[in-house]
Amino acid sequence: MPVDVMALADVLRRAAKAEILPRFRRLNAGDIRAKSEATDLVTEADEQAERFIRAEVQKFAPNALFIGEESVAADPDLLGKLKDAELAVIVDPVDGTFNFASGMPAFGVMASVVYKGETVAGLIYDPMGDDWVMAEKGGGAFLRRPDGDAVRLAVAPQKPLEAMIGMASAAYFFGEQRLQVLTNLAKVRFFASYRCSAQEYRVFAGGHVDFVIYNKLMPWDHLAGTLIAREAGAHVAKFDGSPYQPTDFEGGLLVATSRESWEILRREIIG
């Protein structure tokens, strides 16, 4: 592993304790700003946590390209450097910023390691629960706690479509496709959206839901979660069936408990 994953995990935890949790439910109006739209927010916690993580990662991975959501917001050209980087650390300092800014305890800190074009490690830290869901390529997915306790994760058993429950974000489906997907989701038992991919991937990898569906692909939102899902036994692919790669920024993403379930969901929900 080109990056010390446990050191990275510790950095995410320390960033949360230093910069995120002290601001939870304590943000002033001036600490919250809209980016692309009213629900696309950035807070002082996002920016300060990302600065903290970047500085700490530099100490043990000085040659890694560091890509953070807020860094890309400031410099969109940074994202294009990922395709040529031998090693990259990609971070979402506060995933679920809308929830965080609203005082809802459904947010997380995410990081992934990309080496030679492949995601080789993924971590999702939950500041409220003080634990990580993490995976290294080929090593399985685990829930880890600060005391060293670790529990191996596995996706839920396969179910028929009408019994499936899942997470589906319709926010970035538009027009007829949005109407089609939302209508087709009536075929499953029920679906929800936490507006936080960190927590959605956690519940999926823990075997609590049967699928997750997204139509906006930014690497800080999905690289960690998809690796964790695969290592927990999931089938992960873009809507057209092709593998999801770190440099894929469009094409839709469907994660299911098995390839057979993936095919059913693709046919019946995505259409």
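Colleague: How do the residues lining the second largest pocket divide into nonpolar, polar and charged?

Modeller: They split into 5 nonpolar, 4 polar and 3 charged (Asp, Glu, Lys and Arg count as charged; Ala, Val, Leu, Ile, Met, Phe, Trp, Tyr, Cys and Pro as nonpolar; the others, Gly among them, as polar). This is a predicted model, where local features need pLDDT of at least 70 and side-chain atom pairs 80 or more, while totals for chains, interfaces and linings use all residues. Residues are numbered from 1 along each chain, and side-chain values use heavy atoms, without hydrogens and water.

Colleague: How much space lies in that pocket, and which residues line it?

Modeller: Rolling a probe the size of a water molecule over the atoms shows where empty space is left. Here the second largest pocket holds about 190 Å³, and its lining includes Gly117, Lys137, Leu223, Arg230 and Tyr244. Helix H7 gives the largest share of this lining, 3 residues.

Colleague: And how much space is in the largest pocket?

Modeller: About 760 Å³. Of its 31 lining residues, Asp40, Tyr172, Arg195, Lys216 and Asp221 are closest to the centre. The whole lining comprises 12 nonpolar, 9 polar and 10 charged residues.

Colleague: Now helix H8: which of its residues are buried?

Modeller: Buried means under 20% relative accessible area, and exposed over 50% (1.4 Å probe, protein chains only). In H8, residues 259-270, the buried ones are Ser261, Trp262, Ile264, Leu265, Ile269 and Ile270. Viewed down the axis of H8, they fall within an arc of 165°, so they line one face. Exposed Arg259 and Arg267 sit on the face turned away from that buried side. Just after H8, glycine 271 has a positive phi of about 80°.

Definitions and conventions
1 Å grid on protein atoms, 1.4 Å probe; cavity = no way out; pocket = protein on both sides within 12 Å on 5 of 7 lines; lining within 4 Å. Points joined across faces, edges and corners; volume = space filled by probe spheres on them. Helix = DSSP H or I, 4+ residues; strand = E, 2+ residues; numbered from the N terminus. Arc of directions from axis to C-beta.
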